[in-house]
Amino acid sequence: MFEYNAPDNLLKDKIILVTGAGSGIGRTAALTFAKYGATVILLGRTTSKLEEVYDEIEENGWPQAAIYPMNLAGATEQDYTNLANTLDDEFGRLDGLLHNAGLLGELKAIAQYDLDKWNEVMHVNVTAPFLMSRELLPLLRKADSSSIAFTSSSVGHKGRAHWGAYSISKFATEGLMQVMADEEDGLSQVRVNTINPGGTRTSMRASAFPGEDPMSRPTPEDIMPAYLYLMGDESQSVNGQTFHAQQPGSPETHNIV
Ligand SMILES: NC(=O)c1ccc[n+]([C@@H]2O[C@H](COP(=O)([O-])OP(=O)(O)OC[C@H]3O[C@@H](n4cnc5c(N)ncnc54)[C@H](OP(=O)(O)O)[C@@H]3O)[C@@H](O)[C@H]2O)c1
């Protein structure tokens, strides 16, 4: 596991947006960021799930969260502009953006892969984070130190049979991260990295590996050290790298020239 002992006030006064904040890893990341002092913007497609996370944050007395329902599959460019304007009016800046929402799609050979499924997975996993990053960059550049973390996967580093659009979308995620990291390097204080959670006990993992004992996988709570490190100021100078949340030797280093 990536090791990091976060101080209790690591994210005090930070404004952090988490996509897919209603369930799985995103839910735990949102709760964890709030626990460490952040005001979290909970973005996702199922409002009732976001409300549960909101309530849990409130019950614990952590900074009040905000809910932003948005279906990344159908959102238009204007929807992202509206998101940026709303956050600008409300907060005036953004300190962190965790692109966590993701779609597994179907596990099939490319020879049988359905075009609509392909388009949906590529849209939610790649196009949506691209548009959101583009529209939120001005707000991220307004913060003293800000972090974009994309969510990658092991199959985004080594292709695997039958993982189709999901695997390919995660290669693209690594590419998007590296291009943006290189562009921001020297231009702004925005750092851009990816986190590969590794096999984690969520509903996505259960769909991908129905025969696996879920208890054999770490929980989302177990992998939070890497997420905290990337959102806190101790990673301020870390840019263009891939973190493997379950590997102690992480990150992989990419040379930003
Ligand atoms: N779990 C693993 O073993 C593992 C391994 C490697 C990488 N990852 C990556 O980690 C991230 C989180 O995965 P997870 O395991 O937590 O998956 P999950 O339990 O299936 O959660 C996925 C999240 O994404 C949201 N989402 C899906 N489609 C959306 C859309 N169109 N618009 C808005 N939100 C949408 C879901 O919202 P709803 O709850 O409303 O459906 C949910 O909150 C993903 O990017 C995944 O690829 C996971």
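Author: Asp-233 is partly exposed, with a relative accessible area of 35%, where partly exposed lies between buried (under 20%) and exposed (over 50%), computed with a 1.4 Å probe and protein chains only. This is a predicted model, in which local features need pLDDT of at least 70, side-chain atom pairs count only at pLDDT 80 or more, and totals for chains, interfaces and linings use all residues. Residues are numbered from 1 along each chain as its sequence is written, and side-chain values use heavy atoms, with hydrogens and water left out.

A salt bridge here is a side-chain nitrogen of Lys or Arg within 4 Å of a carboxyl oxygen of Asp or Glu; ten are counted by this rule. In one of them, Asp-233 meets Lys-14 at 2.9 Å, N to O. The two partners are 219 residues apart: Asp-233 sits in the loop between α7 (224-231) and β7 (242-244), and Lys-14 in the segment before β1 (15-19). Helices (H or I, at least four residues) and strands (E, at least two) are DSSP runs, numbered from the N terminus. Lys-14 is buried, at 9% relative accessibility.

Another salt bridge joins Arg-134 to Glu-77, with the closest N and O atoms 2.7 Å apart. This pair links helix α4 (residues 115-142), which holds Arg-134, to helix α3 (residues 77-90), which holds Glu-77. Arg-134 is partly exposed at 37%, and Glu-77 is partly exposed at 46%.
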